[in-house]
Every structure is written in structure tokens, then in C-alpha cells.
Amino acid sequence: MMKRKKLKQIIKLDLSFSVLMIATLAICIFLAIALGGRLYSGAVFLGMAYSIPEFALISIAMTMVIIMGGIDLSLVANANMSGMIGAMILSGAFFDISKVNIYILVMGTILLVLLIAALGGLINGLIISRFSAVPMIATLGTMTLYNGITTALSKGKAVANFPKEFLMLGTQKVAGIPLVFLIMLIAFMIMVFCFNRTGYGQKLYLMGENCAASRFSGINNEKNICITYTIAGLLSGIASIVIIARSNSAKVGYGETYLLQSVLVAVLGGVSPSGGKGKLEGTLLAIFAIYLLQNAFNLWQFTTFTKKFMWGIMLLLVMFITQITEKYMNRLQKKKKISKNE
Amino acid sequence: MEKLKKRIKNIPNTEKYLIVIILLYSLVVSAINPSFLSLETLFDICRSWSGMFIIAIGTLVVMISGGIDVSSTAVAIVSAHITVRLIIAWNIDNVLVTIIMVIFFGGAMGLINACLVQLLKVEPFIITLGTGNVFFGLSTMLLGAIQIPGAAIGKKFAAFGSDPLLTVTMTDGTQVKLTKFVVIVLIVVLITWFFLRRTTVGRGIFAMGCSEEAAKRVGYNTFFLKIAAYVYAGALAGVMGMVSTWKVNQLTPISLVGDELTIIAAVVIGGTLPNGGRGKIFGAFLGILVMAIFDSTLVLIGLSSSWKLLFTGIVLLLSICATSYQQRVKNRKNFIFTE
């Protein structure tokens, strides 16, 4: 009895997180029955460890921004833009790279890519905070601009062939775990710490819940918006390095499906689409579930259209389920209050 | 003269700047390449951008109502696909029936959007992102993704897209053709203008865009208004799907999808307020015109088409900043603080 009560309390405490946990578990069990050893094997998990990070970084950035009550459509475009600039330096499109020390070149490029991506995020933040533009529309604008810069630079072609030393980043393993996965984990830990243990994170939650309230409690909303979008840009910059190191090429329009999927992952991870609620941990769990599903879809040889349909219907279903459970819980609470009063 | 001055004064700032930008750019282009200033360019733009303008008007209505619709292109191509399949199956070869059918299917999908937005109470962006993928995925799964040439659909059907409304013979003997799509566009513009400015539902959509709560208290049924806006947008999206099928005289079930953000960009360039409550058909027209001009003339001034997005992005960002900043100043005066 005692145990059940505790479980109930936990479920009530974080409703959407529990919904996610149950959903993830259900997906895992279902896939285990349907595919078994073909899916749950070491090779599949190693493959996932290589392919998850780029998407996870973008999803973490998206989750942060959604929790704050905004949305960032320019993340993938930003990653492509900074990645393209890095790729052009590394492949010697701007200057002769054979004269420069290779390690200085690689380090310099990485720093430059991160800087450009952060700048791209900062521009988002400035437009949203100083001009009061709606986040969706503002980032739609910067998305078009960044895609435009990428296309104008590359003329629509792919840029490839980077030095070995740079590609090591994508293939290197540390203690059996791919380096890119570790980079993602570290970035994730830092963000989780910021969100749960610092004032900055708490301010973001308040801002997402009620923007006017946070303004009138003396929080500098505009500064926080700028910081958050800059961090989101920085994360997409890390993602862009992972992308070009892993795929050994940069191209306009890479990862266009990530936009839908990152929103899906955030919502599935228990983030309220209107902001103020949700946890980064949920997003990571949701990414895991989504990647398992994606591998399963590949094993079943689904077409891209079928996959699109599945992602879309999942997005709608998740919102439907949260809506119903929320209503049910509210009704339960009301009943309890009434019975207490009596 | 006085009247004209008043008229010009009444044009909102964003639209004034846009007209100036379009005129300046046209001047530059025609100075570099005089072939730009021809009837052919005009008729070409009419042919290739009519569909985009129609769907932009639909998106405009939704954005005025305070929502957003990123499923528009999916609705367009899916409703066109279903209609074409039915036309072939039932052997109907009638343009009017085709348009009515496509409006019906587009409207039905708009209705689904509206109901979900009302029921789930989540940002319309995320709902329509989901429904767009569902519609598109479902149609390609069930109906396939095979291209259907216009000739296989019907004789009259194929002829509607290729036969011109009027043909102008130039002095050097070349013929320039104007498409029939212009008629559809004019009808759509007239109906939309009447719907938005002269009906209670249209005024209600404006009211809801300004403040949903206020519209509710005044006595509007906001659910009904949402249905009206989304169904209207869906119907126009359907018409656009058909027009784009006529344009290339072939149905490609996987085309169009991916352009939805471009359409929203065009509407936003035209000075539509992203939060809703303000927007003009003329603005959407200017937005589409900017995109059309960049699309067709960059080659004329010696830049490759890969610069198109960059130019569009710059104009879009400037337009967003100008529109939002005006609103911000206005809001601050009334002690409304928005981020």
C-alpha cells in the first residue's frame, strides 16, 4: 500500500515525464518482441552512439528554447551555415592549408565554427528581444538568411575532403565509447546543471510560464533571451562540427527532417509546447526511444513517407495523451478538494 | 489629387518600403538587362507564381486569426492527388467539378486542423506540423508517389493549364501568352476581400487575432471562427495544388511539400502581424512579388540562382524587424510588454 502511494505521488509530481517513461518502455518492449536480437545488438547500439549526438545536440537546444517559451527553426540552418564555413576552410577553399600547422588549423576552425554558430544564435536573440519579434517568425527569417548564406557560399554543391586529423574527431573512441557521444553527454550534463541548479535555469522556467510575471519580478528577460538563443546557437555549432567530422562533407539542406523530429522529441520528452514545463532529461530519453524506432523502421524497410507519417502521428498522439491525462488528473484533484471540504 | 495624397498616406509603412524596394530593384535590373522590362517577364511571373499567391492568401487568413498553418503545402498536394485519382476513376473531365472537389478535400483537411487546434490547445505551429506530415505520409502510403501526366487525367483538364487566356503578338512576331490562372487569382482575391472585410465572420477573425479572450467576451464563437479560417485556408491550398498541377501539366505527389515556410515568409514580408489581427491581401501580394522578382531576375543581372535565398532572407528579416518594432513601440505606449 505504502509503495503504491509513493509511486502515485511520483507519477503525479511529473505527469508528462511519467507518460514519457511509460511510452519509452512500451516502445522498447514492443520492439523487443517484434525484432528481438536484430535490434538489440551491440552493433546497433554502437551505430546509435555515432549517429545520435548531432541530433541530440540540436534537440537539446530546441528543448531549452521551447521551455523558455520560444521556438528556434534556424537551428539546423545555423548548423549547416557554420559547418559549411568550417568545411570550406578545412578543404582549402579560402586559403592554402598546407602551410599552416595542422593542429592549429583544426583547433582554429573548430573555434571559428563555434563562434559563428553562437553569433547566429545571438542574432536570433537580439531580433526577438530588441525588436519584439515572434520567435517562430524571427527564426524563420534567420533560417532563410542562414540557408541563403550557405547556398551562396557553396553554390549548392557539397564540400568534402577534410584533413585526417579533423576526421579523427568523428571516429575516435575513448574507452570504447565514441568521442562524439562523450562530447554530447558533457554538453548535456552542463545544460542539465544550468537548468536544475542555477538561478538562470529557474528564471527560464518562470519566463516560459509567464513572461510578464517574470518581467515584473525584476528579471531581465531580454538578457536571458539573448543568452539562451546564443547557447542554442553554440549547441548547434557543436552539432555542426560533429556532422562534418562524421560525414566528411558539408551540404545545404543536411538534416532537414531534424526540425520536425526535434520538436517531436521535445514534446515526447514532456516539454509543454507553450513553455514553462519540461526537463532536459526527458528529451534525452525521448531521443533514445526515437532512435530505437528509427532503427526498427529501417529494419522494416519503411519508405521516407511512411516514416514522416509515423513521426507526425506520434506528435499528435503524444499531445492527445498528455491532454487527456492532464484533464483526468485535474478532475481527480477537484474531487479530492471537494471531499476534503465536506 | 487630394484624394490620391490621402490614399498614399494611408498605405502602411511596411508596404511603402516594399514598393520602394521592388521599384528600385526593378530599375537596377532593367538598367543592367533591358529584357527584364517586357510583357513576357510579367506573364511568366503570372504563370509561375499564381499558385503561390493563392496559397499565400489562405495562409494570410490563418495568420490574421492568430494561428499559423505549416501543413498548407501538404494539404495542397494531397487534395490535388485525391481529386486527380477520383477524376480518373470516375471519368469526369470537367474543370469546374475538379475545382469544387479539390476545394472540398482541402476544406476537409482544414477542418481537421481547426478541430485539433481547438481540442488540444497547443500552438497551431506544432499541430499543423504534425497534421501536415500525417496527410502527406498517408496519401503517399495509400495512393503511391507515382507521377501522373496531364494527358492521362483528361483532355479538357490538360487543356485548361496549357491554353492561354489571351495571346499577344509582339512586333517581332513572337507570341506571349497569359494563363487562365489569373482569372482564378482574381476570383480568389475578390472573395477573400469580401470575406475578410464585409462579413461578420471575417471581422470576427480579425478580432480573434487581436485577442481571443476579447473576441469570446464580445460574443463570437471562437471555435467557429477557427474552423472558418482553417477551412478557408485549406480550400485555397487545395486550389493551389490543382493550379500547380495544371502549371506543369503533371501531378507529382511529392512536390510542393517543403515550401510551406517560404509561403509564410512571403506573407510575413507583406507586413502581416505574426501574432494576428493585422494583415492585407495587398501585403501578401507584395511579398509574393518580391520573391517572384528575386526568383526570376537574379540570372538577368549575372548572379547565379544560389543567391536567391540570401536576398529573400535579408528582405524577410528587415520586414520582420520593421513590423515587430512598430508594434513594440505601440505596445510600450499602452504599457503592454512583450518580449
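Two residues are in contact if their C-beta atoms, placed from the backbone, lie within 7 Å. Helices (H or I, at least four residues) and strands (E, at least two) are DSSP runs, numbered from the N terminus.

The model is predicted: local features need pLDDT of at least 70, side-chain atom pairs count only at pLDDT 80 or more, and totals for chains, interfaces and linings use all residues. Residues are numbered from 1 along each chain as its sequence is written, and chains are lettered from A and ligands numbered from 1 in the order in which they are written.

**Exercise 1**

Task: Find which residues of H2(B) meet H15(B), and state how the axes of the two helices cross.

Solution: 
- Step 1. On H2(B), the residues are B:Asn13, B:Thr14, B:Tyr17 and B:Ile21; they meet B:Val315, B:Ser319, B:Ala322, B:Thr323 and B:Gln326 of H15(B).
- Step 2. This contact holds four nonpolar, five polar and no charged residues (Ala, Val, Leu, Ile, Met, Phe, Trp, Tyr, Cys and Pro count as nonpolar, Asp, Glu, Lys and Arg as charged, and the others, Gly among them, as polar).
- Step 3. The axes, lines fitted to C-alpha atoms over the stretch in contact, with angles from 0 to 180 degrees between N-to-C directions, come within 10 Å and cross at roughly 155°.
- Step 4. H2(B) and H15(B) are therefore roughly antiparallel, a term for angles over 145 degrees.

**Exercise 2**

Solution: 
- Step 1. For one helix pair, the axes of H14(A) and H6(B) come within 7 Å and cross at roughly 145°.
- Step 2. The contact of H14(A) with H6(B) divides into twelve nonpolar, seven polar and one charged.

**Exercise 3**

Task: Check the span of H5(B) against its 26 residues, and say what follows the helix.

Solution: 
- Step 1. The expected span is 1.5 Å times one less than the number of residues.
- Step 2. For H5(B) (residues 95-120) this should be 38 Å, and the end C-alpha atoms are 38 Å apart, which agrees.
- Step 3. Just after H5(B), B:Lys121 takes a positive phi of about 55°.

How values were computed. Parallel < 35°, antiparallel > 145°, perpendicular 65-115°, else oblique.
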